[in-house]
Amino acid sequence: MTYYRQLEDRMKILYKSIIFILFYSLLPFTLSAKNISETELNSAFIYLIAKNTTWPHEEKIHQYNIALVDDDRDLLHTFQKLTDGVPLKGKKIIAKQLTLSEIFKHYNEYQLIYLSKKNSRYLRDLYEKIPTETSVMIISNENDDYDYIMVNLYLDNHNKKNIQINLQNIIEHHLSVSNEVILTGGKEVGISKLFQSSLTALKKQEDAYIKYKLLNQNLQKKVTQYEQNIAGLHQQLKQLSSDIKQKEKKLQEKFQKLQAQNEELRKVTKELYAERKILESQRSKNQKLINEYQSLKEKFAQQEQKLKEQNKLLQEREDILKHKEQMIELLDTQIKQQVEQISKKESLLKAKSKKIKTQSVLLLLVVIIGLLLAILAWILFRNKQRTEELNEELKEAKEKAEYANQSKSMFIANMSHELRTPLNAIIGFSQLLSQDDSISQEKKSLLQTIYKSGVFLLSMINDILDLSKIEARKITLHPKPTEIHMLIEDIIVWLSSRAEEKGLKIELAQQIQAPSCILIDADKLKQILINLITNAIKYSPKGTVSLRVKSDDQYIYIDVCDEGVGISQDDMEKIFKPFTQVGDASDRTGAGLGLTITKKFIDAMEGEILVESEVGKGSTFTVKIPYTLSNACEIRTQKPSYKSIIGIDSVKKPTIGILDANKDNIQLLSMMLNKIGCYVHTFNNVERVEHFLKASTLDMLFVEKSIFLANKELFANMHKEYTFKIVVMSASVNITEESIYKKVGVDAYIIKPFTMESVYKVIEKYLNIKFIYRQEKESVPVSIYTEDELYRKLSNVSEDILDTIYEKAVLLNTDEFHAMVNTLKDTDKELANMLMYFSNKVMFDIIIEVIEKVRESKN
């Protein structure tokens with residue numbers, strides 16, 4: 001009975017093998033009919049061979065690592081897609097694409113290695129490289145070196161994919177494959193002989209079975225029963241084959257539909273890719289033009305700065321020469337006066353000598369004259385000696401004063417540097433944490449208090465530095481085209497929240513009566529107005545802070561009026577002195593430098609500041625500053641705040657490195673960059689940066705100033721070789737340093753304490769990326785232009801321009817309207833600014849009403 005049971009099991013194995021051979025004989029035909037690519041076919045064979053391979057100690061294998069040595073990444077993507085969510089023997093599959101050099105080094109890390117048709121010529125070298133005790137299955141493609149193959153995929157004469165197996169090589173590496181895969185082997189390796197020997201052994205067993213049948217007729221019934229069971233299996237096999245063919249037809253129809261859809265998708269993708277190439281080429285051209293313009297602009301600014309410095313030196317030398325000439329003239333005058341006095345005395349002596357006749361009297365007179373001359377000579381000598389002593393003392397005092405002033409400036413600069421480093425952490429972390437939605441409103445309020453305190457301390461440090469620069473005569477003007485309407489609007493919007501905290505209101509008392517675009521130092525004018533308005537808010541317990549702006553042909557006049565406590569006549573002379581504060585002691589906050597710096601800035605701009613005040617009723621500060629007209633202002637469109645950035649609008653995120661010895665700075669900058677989705681790498685020395693760049697890439701590197709200066713040449717070499725952007729972080733506020741760093745290859749320069757705005761602005765500018773902004777409610781706009789001003793302006797334009805503006809306004813399309821406004825910039829800058837202002841506020845209805853009024857007045 002045991003023998004027949006074994007015979008029955010072997011017969012089942014035989015039929016199972018026949019079914020497997022039938023499946024593999026049909027597989028190439030079926031795949032070919034469905035137009036399945038060779039990549040998909042190779043992926044299927046790799047998985048099937050791995051599934052039917054047995055490795056030693058499989059229970060210790062946590063995951064199956066498969067190496068694909070192929071230059072085309074399509075095989076990796078196709079295999080990953082095929083095996084996505086499909087385990088191998090209940091364990092995860094990890095497939096990686098490797099080069100030939102990599103697989104020769106790391107072959108022992110993989111259970112299965114696939115060599116593409118191109119790389120299969122290196123099969124012999126790889127097989128000899130791998131020792132027999134290493135259990136690695138190698139699948140080659142179209143390789144004729146049969147002595148070294150383990151499993152080889154090849155195409156037969158009918159262009160069908162088949163498998164060749166060298167069982168000896170597989171066994172030598174302690175591997176085994178299932179009988180089904182062995183029986184599908186090709187003739188070239190001799191595996192078909194194993195199949196033939198299996199059939200011969202079965203024939204012998206069948207003869208033995210017939211022999212035992214003749215000996216024992218009682219077993220005939222059981223043999224007949226087995227034959228019936230086999231017939232039943234034949235019938236089931238036919239039924240399964242019929243069902244498989246029907247399912248193949250349905251799958252083929254579905255595949256043809258998917259293939260048609262895929263072809264349409266490929267056409268659309270090609271069109272989009274062509275359009276994208278055109279846009280990228282145009283964008284690169286525009287970027288080149290912008291870079292050339294920026295470089296020319298920087299060169300012109302540097303030349304202009306040098307001329308200003310030379311003029312300043314010449315002016316100082318002229319002042320010294322004038323002072324020396326005045327001293328010489330003064331000494332000459334004194335000598336002439338003394339000579340005149342001597343001459344008068346001589347004339348008196350001569351007159352007396354004429355009257356005195358006696359010789360003794362004459363002798364006495366001569367002695368007296370000699371004594372007088374000696375005294376005079378001594379007086380002159382003493383005066384000259386005293387003058388030289390005074391000059392020496394003056395020179396020594398001047399040197400001491402200059403040394404003291406220089407020491408003071410160095411002390412202030414060093415203290416500023418030391419204070420800015422902890423302020424960087426205070427301001428930066430409080431700003432980041434206040435935007436965390438998981439923090440309660442109460443804690444956000446406390447964080448906002450910390451942030452405001454840090455900003456207030458920073459403003460005091462900046463005021464002291466500004467005063468130091470003013471005393472050292474280092475203040476310089478940087479006039480640029482400025483849109484005065486937008487500058488006033490920005491200041492009002494920025495300070496409105498501070499005024500609202502005290503229950504105050506900032507407003508324009510009347511519309512701005514000044515040209516829209518002027519040439520002026522906008523930064524200093526902005527600082528002047530911020531100081532005046534901040535003072536007005538500080539000393540006003542209630543009421544309104546109002547502004548009035550007007551101009552004539554030479555000067556612009558700005559009035560800042562408040563309804564505060566006022567200034568007494570005794571205090572009027574003190575308000576512009578440094579470190580001096582007037583009024584109630586409870587209102588005395590800050591360093592007392594705001595008005596001092598304001599006065600110095602106005603003097604440097606050759607302007608004037610006037611004060612009118614009445615105690616208990618308020619004060620009015622009037623600023624008078626010269627200006628020149630300009631037509632070079634850019635039309636500004638509204639842009640969301642950097643604080644509302646939530647990410648980067650790109651699939652590829654930038655890789656940014658941070659090199660700093662201060663862990664707080666590294667942590668702060670890392671949090672800012674991680675917040676928007678950047679890949680961040682931190683380093684503590686230059687060698688780690690260089691090692692990283694050899695293995696990977698960086699888009700931008702933030703580096704601390706002292707580290708950059710210590711390794712300036714190394715950074716210059718890395719910058720040329722790896723082409724990434726370098727941003728230097730410094731606590732120094734010397735504005736000339738930025739141009740110096742750019743000469744040695746630095747792309748950008750940010751000053752500590754840096755905020756999210758400064759960091760994101762650098763990334764946006766130099767990496768040419770776009771941000772994703774959080775949707776926020778718009779604030780109420782500050783009224784700058786009125787309907788009357790727009791009416792007066794539109795009354796003077798032609799009918800064609802009026803019709804064009806009306807047509808675009810009726811469409812209510814902001815983009816088309818802005819494009820039309822940009823065409824008016826060259827002909828009428830002020831009209832373009834007005835239209836851009838109303839369109840930014842979505843006030844198209846006002847534009848339409850004003851145009852209709854203009855038409856009615858003309859008719």
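User: Why is Lys 89 called partly exposed?

Analyst: In this predicted model, Lys 89 has 35% relative accessibility. Buried means under 20% and exposed means over 50%, with partly exposed in between. The value of 35% lies between these cut-offs, so Lys 89 counts as partly exposed.

User: What makes Cys 561 buried?

Analyst: Cys 561 has 9% relative accessibility. Buried means under 20%, therefore Cys 561 counts as buried.

User: Why is Cys 678 called buried?

Analyst: The relative accessibility of Cys 678 is 5%. This value falls under the 20% cut-off, so Cys 678 counts as buried.

User: How many disulfides does a search of the whole structure find?

Analyst: The search finds 0 disulfides. A disulfide would need a pair of cysteine sulfur atoms within 2.5 Å.

User: Which residues form the negative surface patch?

Analyst: The patch is formed by Glu 787, Asp 788, Asp 845, Glu 849, Glu 852 and Glu 856. Helix 22 (787–794) and helix 26 (844–858) each give two or more residues to the patch. The largest share, 4 residues, comes from helix 26.

User: Why is Asp 845 called partly exposed?

Analyst: Asp 845, which lies in helix 26, has 46% relative accessibility. Exposed means over 50% and buried under 20%. The value of 46% is in between, so Asp 845 counts as partly exposed.

Conventions. Residues numbered from 1 in each chain as written. Predicted model: local features only at pLDDT ≥ 70, side-chain atom pairs only at ≥ 80, totals over all residues. Heavy atoms only, no water. Patch = residues over 30% accessible without salt bridge, like charges linked within 9 Å, V, L, I, M, F, W, Y side chains within 5 Å. Areas by Shrake-Rupley, 256 points an atom, 1.4 Å probe, with all protein chains shown as cover. Salt bridge = Lys/Arg side-chain N within 4 Å of Asp/Glu carboxyl O. Lys, Arg positive; Asp, Glu negative; His and termini not counted. Charge placed at Lys NZ, Arg CZ, Asp CG, Glu CD. Buried < 20%, exposed > 50% of the residue type's maximum accessible area, 1.4 Å probe, protein only.
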